[in-house]
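This report goes through selected features of one protein model. The sequence and structure are shown first.

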Amino acid sequence: METGANRRRSKEVRFQQRTGDNYRDVISLSADLGPSVESARDVGILLSRENAELRKRPIRAIVQTPDYKLPRDLRTWSLDYLTYRARTGKIYNDSTLCLASDLLSDDVVKLRAGRYFDFMCSNLLAPLDIWEVGRKSPAVRGRDLILDLDGRLIPFKRSRLANLIGVSTLAFTTDGQLLLVAQTDGNIGSPGLLAPSGSGALEPKDVPHDMADWTIQKIAISGAERELREECHLTARDIEESSLVGHGRWVSRGAMPEFCAVTLLNLTGDQVVDRSPRRAERSYVHEFMAVSLAPLRLWDPSRPLDMLPQHRQAVSWPLALGLACLAECINDESWSLQKDLLARLEG
């Protein structure tokens, strides 16, 4: 009876995508946070002021309790929405880490555990409006989930959404090649697009049990390197060093947080691409490839797609953000990887 009732209800609910919503008004009102970053399909914000602090000093982080719980009004639509998403791609419900505070508003960055389904039923609802049969207005306006009454982005501290923490890294080989991952059409992250060398979400296993001296930088790098090893078939010995270079808010994906790093490898480009994706990753990774970036004179944080001119129409938003952060700090002599990376890029 319950299954039948759910099926009847699903026929009365419609999830309408706002395909033409480019969030220009949101970007304009957020100009004080940093420049906009656009990719082939999405838009977000590079948080320049916070990124300068991320590269300057360690910022302590803790995992707090209780875990994230989906608000009651969003739970109303959760089963219908999960059924809708299951028709369009592979879904799973792994444990994740979510951001519960803003980086510079408190002395400590607060994280909390959650589930991937919670993220799907909160942040991933924001690009949609929910309509019920017979109504003359949406039951839920997706924009209301991420914007306050003034049309500005709601801070993470006051957000009702899961705000799963995305992490990625740009890995450079010893011969100055950047590794990219071509994602499958079934990948829910950026289906069919080019992603960073490793990208995904923070998980509880990325944080050690003893967190006394752990920072958001260490935690984000831990997750990004794990994703890199999994997606590009690497081991810990293949990784020389990583550095967190920035973060942003993926506005067209529920304004979720996304952290990006740069990693130096101990392998050449040919040594990496000669490997095949692991069996467990083939549902998400079509192939990985080694490419050369445009000359340094073309690097501009406000135009990250110019750094990959041959692939600009296939660039995912996490990759665009990573390139923008890299362009922002490549001329910063205090950045720990600057000299080594420049040496690789210049041959």
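The sections below cover the nonpolar cores, a helix and an open sheet of this predicted model.

## Nonpolar cores

The largest nonpolar core has 73 residues. Tyr 81, Ile 146, Phe 172, Leu 293, Leu 326 and Trp 335 touch the most other members. Helix H8 supplies the largest share of this core, 10 residues. A second, separate core of 21 residues includes Leu 97, Ile 165, Val 167 and Ile 219.

Leaving aside residues up to four places away in sequence, the contacts of Ile 146 include Tyr 23, Ala 126, Leu 153, Ile 154, Leu 161 and Val 251. Arg 152, Gly 254 and Ala 255 are also among the residues that Ile 146 touches.

## Helix H9

Helix H9 spans residues 338-345, and Gln 338, Leu 341, Leu 342 and Arg 344 are buried in it. These residues lie on the same side of H9, because they cover an arc of only 160 degrees around the axis. The buried residues of H9 pack against helix H8 (317-329) and against strands S9 (166-172), S13 (239-250) and S14 (256-265).

Just after H9, Gly 347 has a positive phi of about 80 degrees.

## The open sheet S4-S6-S5

Three strands form an open sheet in the order S4-S6-S5, with mixed pairing. Strands S4 (61-63) and S5 (95-99) are at the edges with a single partner strand each, so one side of each has no neighbour in the sheet. From one strand to the next, the twist averages 35 degrees.

S5 pairs with strand S6 (residues 109-115) in the antiparallel sense, over five bridges. Leu 97 has Ala 113 in S6 as its bridge partner, and Leu 97 is also one of the residues of the second core.

Definitions and conventions. Residues are numbered from 1 along each chain as its sequence is written. This is a predicted model: local features need pLDDT of at least 70, side-chain atom pairs count only at pLDDT 80 or more; totals for chains, interfaces and linings use all residues. Side-chain values use heavy atoms; hydrogens and water are left out. Buried means under 20% relative accessible area, exposed over 50%, partly exposed in between (1.4 Å probe, protein chains only). Helices (H or I, at least four residues) and strands (E, at least two) are DSSP runs, numbered from the N terminus. The arc is that of the directions from the helix axis to the C-beta atoms. Contact means heavy atoms within 4.5 Å. Two strands pair if DSSP finds at least two bridges between them. Axes are lines fitted to C-alpha atoms, for helices over the stretch in contact, and angles run from 0 to 180 degrees between N-to-C directions. A nonpolar core is a set of buried Ala, Val, Leu, Ile, Met, Phe, Trp, Tyr and Cys residues joined through side-chain atoms within 4.5 Å.
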